[in-house]
Amino acid sequence: MKRERIYGIMAEFDSAQTLIDAAKLTHQAGYQKIDAYSPFPIEGLAEEIGFHYNEVPLVVLIGGIIGGLTGYLMQYWMSAVDYPLNIGGKPYNSWPAFIVITFEMTILFAGISAVFGMLALNGLPMPYHPVFNVPRFALASKDRFFLIVFSSDPKYDPAKTRGFLEGLSPRSISEVPS
Amino acid sequence: MTVDAERAPVIEPGYTFGTVTEKISAIVLTRPASNGWFLGFGIAFMLTMMMLYAIGFLFLKGIGIWGVTIPIGWGFAIVNFVWWIGIGHAGTLISAILLLLRQSWRNSINRFAEAMTLFAVSCAGIFPAIHVGRPWLAYWLFPIPNTMRVWPQFRSPLMWDVFAVSTYATISALFWFIGLVPDMATLRDRATHPAARLIYGALSMGWRGSARHWHRYETAYLLLAGLATPLVLSVHTVVSFDFAVGIVPGWHTTIFPPYFVAGAIYSGFAMVLMLAIPIRKIYSLEDFITERHLQNSAKVMLATGLIVAYGYGIEAFMGWYSGDRYDAFTLWNRLHGPYAIPYWSLLICNIFIPQVLWIRKLRTSPVALFLVSGVILVGMWLERFIIVVVSLHRDFLTSSWGMYYPTRWDWMTYIGTIGMFLAAIFLFVRLLPMISIFEMRTLLPESEVKE
């Protein structure tokens with residue numbers, strides 16, 4: 001497949017409100033492959049660009065279950081199977097005493113899953129990304145808001161998409177080279 | 001409501017996304033390090049070296065250089081361990097519990113409170129490792145396969161502690177790091193020096209603020225807060241089990257877990273204030289860390305201080321009500337025994353002096369708060385000294401009574417960890433944004449959107 005020379009068209013906005021309105025209009029106009037960039041999380045923005053479901057909670061749940069099982073089974077195997085030791089006449093599988101470490105391991109695995117699961121789902125670390133080719137994009141981490149329509153979108157057309165984005169009265173428009 | 005109108009704002013008016021960003025990132029990127037910074041860091045660094053010297057000598061000679069003997073086998077090492085771990089708790093409370101409770105004022109102080117947690121836990125972690133007597137075998141605490149084919153004894157609270165503290169350190173570090181990622185992107189885009197761009201760029205991991213990324217990020221952050229909340233409560237609970245599961249009079253009580261957790265938050269907020277008050281002054285951050293933050297922290301100290309006072313009260317009450325002669329003697333011995341002065345000082349520092357925080361004028365005065373916080377930190381250290389040393393020095397049999405006298409090596413190690421903690425704080429304020437920039441942006445009115 002031939003690689004697209006243009007990654008997408010990017011529009012710059014002044015405020016969170018104009019970005020969220022623009023994202024809504026763009027999505028309603030039938031563009032599917034779009035993304036929005038902001039210097040802080042904006043409530044409801046992900047929904048406006050058609051992103052409703054994220055898998056982070058599932059990853060954390062699985063991580064927590066694995067952690068809890070690991071914690072308990074480790075203690076059970078070490079204390080009751082591999083090297084049973086009689087400690088004050090307590091049963092080898094003294095489950096009440098194993099609860100604390102089981103709990104800590106649940107939290108540990110779930111927390112690690114939350115962080116690394118989120119990073120993996122986001123595709124981070126990613127040292128290079130085409131959006132950074134736009135010099136004004138450096139302001140996306142300060143006080144500007146950006147909306148991009150990817151060239152892979154079925155409705156993408158260089159002139160028409162640009163015209164559509166201009167209709168949203170952005171501050172500036174740039175083509176993103178890939 | 002007149003009360004609300006009088007309340008200081010969380011962030012002073014007049015700031016925009018741009019000015020908040022510039023103000024916080026400029027401290028790291030453009031502000032030159034002052035002579036005062038070099039002096040402070042130099043002293044802290046020398047104290048760290050003193051600690052390393054004391055630990056080096058300990059490794060050479062063994063724990064005989066400390067004041068610990070039988071019956072007081074747990075001396076300064078455990079006192080300091082509990083003190084430092086407790087201080088760390090406020091950072092997690094601010095970053096996780098207040099996030100879940102939607103207390104947005106936390107946004108201005110969570111970053112350095114989390115840093116404080118991390119450094120305090122690092123200081124705490126030193127003590128159990130050097131206290132084991134043969135520190136080169138400290139890894140036996142972990143379930144690592146070894147040639148003897150034995151495993152740790154999981155029925156012991158000391159093992160629970162190993163897991164609780166190492167989980168706590170890991171989760172605190174992850175929480176702190178993940179909160180830094182968007183701000184690293186800000187610094188990457190603001191920095192002019194190529195090395196700074198490279199380092200902050202690598203730490204930002206290519207963060208670009210995509211709506212999809214923010215969505216997953218916020219979910220992960222919230223879940224992490226939800227996980228850290230029971231974790232932080234469990235950590236000091238497990239630390240208290242180290243004592244409460246033992247049968248020594250003065251240790252064997254069920255009030256220990258809640259009162260340890262309250263005491264931890266009490267001392268932690270005192271440390272937060274002792275750091276925040278000079279930092280906001282030196283770096284002119286009064287607009288971001290306002291009177292409101294100081295007042296709220298003072299109120300948390302007042303509340304947790306009263307829980308701690310209740311804990312002391314119950315201990316004293318049970319000493320009388322249980323009818324147990326050893327418990328009764330423990331109480332009498334605290335009040336009139338050889339360590340009566342530390343016990344009375346503890347009551348003055350932790351219960352009586354902090355009551356001045358009921359006075360609004362003192363609660364909003366940075367100088368008064370700084371001094372009261374210092375008193376509380378001393379008081380909380382004395383509390384652990386009373387629990388560890390005073391309980392051990394008089395147990396069931398008169399023949400096993402003794403006294404504990406800390407040596408210069410004990411003091412050098414303890415003061416050295418304070419130096420290490422401060423050195424880390426000094427580096428932190430110069431190298432990383434000490435206030436979370438992206439969370440500050442969400443406090444501005446312009447960040448609100450209607451759909």
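This is a predicted model: local features need pLDDT of at least 70, side-chain atom pairs count only at pLDDT 80 or more; totals for chains, interfaces and linings use all residues.
Q: What is the mean pLDDT of chain B?
A: With pLDDT being the predictor's confidence in each residue, from 0 to 100, chain B has a mean of 90, and 98% of its residues reach 70 or more. The model scores ipTM 0.91 and pTM 0.91.

Q: OK, pockets: how is the lining of the second largest pocket split by class?
A: Its lining has 22 nonpolar, six polar and three charged residues. A pocket, on a 1 Å grid over the protein atoms alone, is an open set of points where a 1.4 Å probe fits, with protein on both sides within 12 Å along at least five of seven lines, and lining residues have an atom within 4 Å of a point.

Q: Which element gives the most to that lining?
A: That is α6(B), which supplies six residues to the lining of the second largest pocket; helices here are DSSP runs (H or I, at least four residues), numbered from the N terminus.

Q: And how much space lies in the largest pocket?
A: About 1100 Å³, where a volume is the space filled by probe spheres set on the grid points, joined across faces, edges and corners. Among its 31 lining residues, the closest to the centre are A:P41, A:E43, B:R102, B:E218 and B:T442, and α8(B) gives the most to the lining, with eight residues.

Q: Switching topic, where is B:T407 found?
A: B:T407 is in the loop between α14 (366-393) and α15 (408-431) of chain B. Leaving aside neighbours within four places in sequence, B:T407 is in contact (heavy atoms within 4.5 Å) with B:I65, B:W66 and B:G67. The C-alpha atoms of B:T407 and B:G67 are separated by 5.4 Å, although the two are 340 residues apart along the chain.

Q: Why does B:T407 count as partly exposed?
A: Because its relative accessibility is 23%, and partly exposed lies between buried, under 20% relative accessible area, and exposed, over 50% (1.4 Å probe, protein chains only).

Notes: Residues are numbered from 1 along each chain as its sequence is written. Chains are lettered from A and ligands numbered from 1 in the order in which they are written. Side-chain values use heavy atoms; hydrogens and water are left out. Helices (H or I, at least four residues) and strands (E, at least two) are DSSP runs, numbered from the N terminus. Ala, Val, Leu, Ile, Met, Phe, Trp, Tyr, Cys and Pro count as nonpolar, Asp, Glu, Lys and Arg as charged, and the others, Gly among them, as polar.
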